[in-house]
Amino acid sequence: MNKEKKLAIRDESFGGRVCRYIKENPIADMVVIVAFIMCFTVPNFASMNNFNDLAGNTAIRLLIALGVSGCLITKGTDLSAGRQVGLAACITGVLMQRADATGKVLKSLGEMNMFLVLVIVLVIGAIIGIANGLIISILNVPPFIATLGTQTIIYGIALIGTDAQPIGSFQRSYTKFVNGAIFRSDEPGGFAGITYLMIIALIAGIFFWFLYNKTTHGKYMYAIGGNESAAEVSGVNTRKSKILIYMTAGIMYALAGYLLAGKSGGATSSLGTGYELEAIAGCTIGGVSTTGGIGTVGGILVGVLVFELLKIVLQFLGVNPYYNYIAQGLVIVVAVSLDIRKYLKKK
């Protein structure tokens, strides 16, 4: 990208960026328009319960999408994201079971502090992320193949660790925290308040905005996505940067799994299946380019929100749940196709 284009993007007003986003993202426009119409035509679509479900699902998915985004910006991907979320949920479930839980997995283990469990889960997520980063950057295995392999390994570990059985009976303090909120209304169908999930997602979004826009690591990440060879010539340690990117992604998946187990009230080895595709779709709809070097945290939030809104719209329209997968798959294909088309036009 030449200097004039960089300055133009930097100096573009907020309104200009919004208009450009609307113009370049017809999928998001269509979903939002349909949802707006349904607010006035479909009973209960604009209800507080619906809003609460949308906010909770978006918060979890945003954490996963933020992790995937760094991989996509550097022209990589992470197909192990969903399985990592599931493994983190299973580990959390095993460690957070009550002492008197029926079918307790680790019978000799007493009740653990939920924040200690969080640290353990995050460390495991970081280790898995580092492993992905090493395979990709040191062994030069393409990200698609590397994370496809680790996806299968992680799923096998989850199956062995849980014996393919559901895990439940969590400590009340843990589920109460995950599902807690401030300013909550006790009225039926009332405002769910500002949930802790939303607060955690907001903090994560702010952190990633700072990481991507105000740190050397963020600059290196975009440089690698724009032209990895040029970045190396400029002195960027691309191997170290990739390892950090996948490590950060692993931590985000682990955090999402920890919260998802508490939100769901249980965990299974299949939890998180397909979440990586939803995260990639959310990122792409939000303007993260699969060709690398482009993406913003604000766009990722919008993309994830639109994708979750799409699922709710299909549900309220009475579409057969099996057809939902077809609709979501089409959205992914169209979003990536439009992204590649924009890339080719710029060339």
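Which hand does the crossing of α6 and α12 have, left or right? The crossing is right-handed. This is a predicted model.

**Helix packing**
- Two packed helices are described by the angle between their axes and the distance between the axes.
- The contact of α6 with α12 involves 17 nonpolar, six polar and two charged residues.

**Helix α5**
- Helix α5 runs over residues 81-95.
- Its 15 residues should span 21 Å at 1.5 Å a residue, and the end C-alpha atoms are 21 Å apart, which agrees.
- Because 15 of the 15 residues of α5 are buried, the helix is largely enclosed by the rest of the structure.

**Nonpolar cores**
- In soluble globular proteins, nonpolar side chains tend to be buried together.
- The largest nonpolar core here has 64 residues.
- I64, L66, Y174, L259 and I300 have the most contacts inside this core.
- Not counting residues up to four places away in sequence, L259 touches I60, L63, V178, L197 and I200.
- A second, separate core has 18 residues, including F45, A281, L310 and L314.

**S241**
- Leaving aside neighbours within four places in sequence, S241 is in contact with H217, Y220, I224 and V236.

Key: Residues are numbered from 1 along each chain as its sequence is written. This is a predicted model: local features need pLDDT of at least 70, side-chain atom pairs count only at pLDDT 80 or more; totals for chains, interfaces and linings use all residues. Side-chain values use heavy atoms; hydrogens and water are left out. A crossing is left-handed if the near helix is turned anticlockwise from the far one by less than a right angle, and right-handed if clockwise. Helices (H or I, at least four residues) and strands (E, at least two) are DSSP runs, numbered from the N terminus. Ala, Val, Leu, Ile, Met, Phe, Trp, Tyr, Cys and Pro count as nonpolar, Asp, Glu, Lys and Arg as charged, and the others, Gly among them, as polar. The expected span of a helix is 1.5 Å times one less than its number of residues. Buried means under 20% relative accessible area, exposed over 50%, partly exposed in between (1.4 Å probe, protein chains only). A nonpolar core is a set of buried Ala, Val, Leu, Ile, Met, Phe, Trp, Tyr and Cys residues joined through side-chain atoms within 4.5 Å. Contact means heavy atoms within 4.5 Å.
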